[in-house]
Amino acid sequence: MHISNSLVPHWSSLFIHGVIAIIFGLCGWLAPEASLAVLMFIFAAYFFVDGSIRAWLAFASKKDNPLWWMLLIGGLISIAAALVTLFAPNVTAILMLYFIAAWAIAIGVIEIVIASKLRKEISNEWLLIGSGVISIVFGGYLIFNPGAGIITLLWLVASYAIVFGLIMVLLSFKLKKLHEAT
C-alpha cells in the first residue's frame, strides 16, 4: 500500500488543515497584537495545566517518591509562569524574544566558526558564513528593536502558516482528484 492511498480518502482533512493555517496566518498579518494575545493565553493555559499535573503527581506520589517535592516545585514554577504570562503577557513575549535573539546569535557564531574550519575542505563556504551573519544580524535586530521584533516574528510565523496552508490546500485538491478517479 502506498502512503498516498491512505491519504486519498482523507483529502478533506488536509483541506481543512490548510484553510485553518491560512486563516491563522492572515490573522497574524492583519491583527498581530491580537494574535500575540491569543498566543500568550495559550502559553498561560499550557503552563497552568502542566503545573497542575506536576503538583498533583507530587502529592499523589508523596508516599513512594522521595523526590516528590521536586515535582511540586516544578509544578509551582509552571503555575507561576502561567500567572506571569496571563497577567503580564508583555514580559513573557519579551523574554521569548530575547531567548530567540540569543539563539539566533549563537547559531550565527557557530555557523561562521564551522565555515572557517571547513574553508580548506569545501568550496562556497561563504554561504555558511552568510547564513551566520544573517542569523547574527537578525538576533541583534530583535535585541535592539524588541517591539518591532515581536511583530516581525509574528509576521514570519504568519507567512509560514499561509504558505503551509496553501500547500496543504493544493495537496488536498490533488488527493481529491485521485479520490474521484477511484
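1. Let's start with a crossing. Helix 3 and helix 5 are roughly perpendicular to each other, because angles of 65 to 115 degrees count as roughly perpendicular and these two helices pack at an angle of about 90°. Their axes are 10 Å apart. Please keep in mind as you look around that this is a predicted model.

2. Which residues make this contact between helix 3 and helix 5? From helix 3 come Leu36, Met40 and Phe43, and from helix 5 come Pro89, Thr92, Ala93 and Met96. Sorted by class, the contact of helix 3 with helix 5 has 6 nonpolar residues and 1 polar residue, with no charged ones.

3. Now colour helix 4 by burial. Its buried residues are Leu72, Gly75, Ser78, Ile79, Ala82 and Thr85. They cover an arc of only 150° around the axis, so they sit on the same side of helix 4. Ile77 and Phe87, on the other side of helix 4, are exposed. What covers the buried residues of helix 4? Helix 3 and helix 5 are included in that cover, and these are the two helices that pack at about 90° in point 1.

4. Helix 6 (residues 126–144) can be checked in a similar way. At 1.5 Å a residue, its 19 residues should span 27 Å, and the end C-alpha atoms are 26 Å apart, which agrees.

5. Where do the buried residues of helix 6 lie around its axis? The residues in question are Gly132, Ser135, Gly139, Gly140 and Leu142. Seen down the axis, they fall within an arc of 160°, so they line one face of helix 6. The face turned away from this buried side carries the exposed residues Trp126, Ile134, Val137 and Phe144. As for partners, the buried residues of helix 6 pack against helix 5 (89–118) and helix 7 (146–181).

6. Serine 172 lies in helix 7. Is Serine 172 buried or exposed? With a relative accessible area of 0%, Serine 172 is buried, because buried means under 20%. Leaving aside residues up to four places away in sequence, Serine 172 touches Trp11, Leu14 and Phe15.

Terms used
Residues are numbered from 1 along each chain as its sequence is written. This is a predicted model: local features need pLDDT of at least 70, side-chain atom pairs count only at pLDDT 80 or more; totals for chains, interfaces and linings use all residues. Side-chain values use heavy atoms; hydrogens and water are left out. Helices (H or I, at least four residues) and strands (E, at least two) are DSSP runs, numbered from the N terminus. The expected span of a helix is 1.5 Å times one less than its number of residues. Buried means under 20% relative accessible area, exposed over 50%, partly exposed in between (1.4 Å probe, protein chains only). The arc is that of the directions from the helix axis to the C-beta atoms. Contact means heavy atoms within 4.5 Å. Axes are lines fitted to C-alpha atoms, for helices over the stretch in contact, and angles run from 0 to 180 degrees between N-to-C directions. Angles under 35 degrees count as roughly parallel, over 145 as roughly antiparallel, 65 to 115 as roughly perpendicular and the rest as oblique. Ala, Val, Leu, Ile, Met, Phe, Trp, Tyr, Cys and Pro count as nonpolar, Asp, Glu, Lys and Arg as charged, and the others, Gly among them, as polar.
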